[in-house]
Amino acid sequence: MLDVLKFEDPKAASKGKGHISVNEVSITFGTGPDAHLAVETTSIEIKAGEFVCILGPSGCGKSTLLNAVAGYVKPTTGEVIVDGVMVEKPGPDRGMVFQQYSLLPWKTVYENVAFGPKMAGASRTSAGSTANTFLELVGLKKFGNRYPAELSGGMQQRVGIARALANYPSVLLMDEPFGALDAQTRLMMQESLLDIWKHFGTTVVFVTHDVDEAVFLADRVLIMSAAPGRIIEDVKIELPRPRTTDLAATSEYIKARQFCLDTIKAESRRAFEDQNA
Amino acid sequence: METALKAEAPQTAAKGRPDAVPRAHKDAVSAPKLPTLTRDQLSSLGIACLSLTIGVLLWHLVTSVNLDFYINFSNVPSPAKVFMAFVAHIQTEIFWTHIGVSMRRILISYSIAVVLGIGIGLIMGRSKFARAFIMPYIEVIRPIPAVAWIPLAILMWPTEESSIIYITFLGALFPIVLNTLHGVEQTPEVLVRAVQSLGASRWAVFRHVVIPAALPSIAAGLAIGMGVSWFSLLAGEIISGQYGIGYFTWDAYSLINYQDIVVGMLVIGLLGTASTAAVRAITRPMLKWQERTR
């Protein structure tokens, strides 16, 4: 179905782009006695086109780390470099999908998706045709004239993905995007996200606290410790692609999942003992 | 008429999209309920009419028996006398001049208040410095009633007309500023972040996120501001001026023309209500997305 759509060379546009370096980044909020270390000194290398999940308990700082890549949060120490350029502020090269609904409620679905291309200086017609192409990609072209609140949660997130992709970003940052969806919708969304990713080859950094989601989606799962967050394990997931939900029954999947779970369990135990010490 | 239109819209929307989503199903389900809503509105309209009829009857009763029990009604004109006076006045040119002058004053003062009020509110909402700088003035000046401004306004402004407009403008200004500020402060941060990641400049964030997010609150401020501006206008017109519906009312009191006092009061009430309704009607199209959201 995707082949019918006319993208401006989707793969060529992001080819070789989307390399992320997180160099010795630590993030502290507040100053003085109120200072709170959210992310401990962390370094990560993400190759162009890689699908990386950051997995960790809630409040561990994984979203903060993602926000540093997005440019919303300035690292206290260290730096984030995307394709050789230091991240200083948010930009259209790093598309963002949020957990909460973040479509502009006063714009129609179509206007929301056309917004990015328009900001990039595209003409009304070209922004419009880009919007239609991406709405078709997520199967929502018919709903262009609706307002976001008229759509279900899953549909809104699909529009959110279409909106982020409409700028042809080299990196797609996703902050627990399916966290608020019901289990069935989430599975569907995961499969279609992989489909889209295969088509675009964009680097994806996907934050989640769901082990199954991380293992199912990722090339690599970075497991974060409890707060203050740091990467404690870098797990390569060498499951064949394309992946479908049937994968969950295979022994490789179960092994990878078990390894992640064990790591998290050991970490939680350590954190628990630390608190009681 | 309007309610009938409203009742039809969601139904056709649902019909036009048989393939639609859960929300559309909800529309379809709630559509048969809408006639009830119309009946609800009809019944509240009926109750309102009943209430007004009872009020006028009571008014008639207390004036016809010249009730004097702590409150004295012996000098209060009866509804019939007031109605006759009203009918007589609307046939004179001078009465319409009074109304026209008042409406012109409202239009000028209110327009200035809208432009300045929204502007100041937006700036205060986006700049902590501006907010801290301007807020003390608002806190101190806002509680001063319009009547208290009259002496100073006369001294400050070159003409009576300009002092009346100044007083009216002040009344409308504060609700508009404060509601705009409140609206801007409620901008969801996630939406700001979202459009920043789509390449929006500071100005684009302002135009596409901050202002639309504040619009519902601004619209409420505009409606309140219109009510308050009538309030203030009358204070200004009572003391100075030779035209205006406030002057008409005060003049009737000076001439001991009791039915005209009540005519003036009622006309003021009607004009205030009508202009507030007009403000609501003008702002409604900008909030269309909210209606679709509900």
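Reader: Into which domains is chain A divided?

Author: This is a predicted model in which local features need pLDDT of at least 70, side-chain atom pairs count only at pLDDT 80 or more, and totals for chains, interfaces and linings use all residues. Residues are numbered from 1 along each chain as its sequence is written, while chains are lettered from A in the order in which they are written. With bounds that come from an automatic or database domain assignment, chain A is divided into domain 1 (2-93 + 169-276) and domain 2 (105-168).

Reader: Which helix of chain A gives the most to the side of domain 1 that touches domain 2?

Author: Contact here requires C-beta atoms, placed from the backbone, to lie within 7 Å, and 17 residues of domain 1 of chain A are in contact with 13 residues of domain 2 of chain A. Helices are DSSP runs (H or I, at least four residues) numbered from the N terminus, and both helix 1 (10-14) and helix 6 (183-200) of chain A supply at least two residues of that side of domain 1. With four residues, the helix that gives the most is helix 6 of chain A.

Reader: How many residues does helix 9 of chain B give to the side of chain B that touches chain A?

Author: The contact between the chains takes 25 residues from chain A and 20 residues from chain B. On the side of chain B, at least two residues each are supplied by helix 2 (22-30), helix 9 (189-196), helix 10 (202-239) and helix 13 (288-293). The largest share comes from helix 9 of chain B, and it is six residues.

Notes. Contact = placed C-beta atoms within 7 Å.
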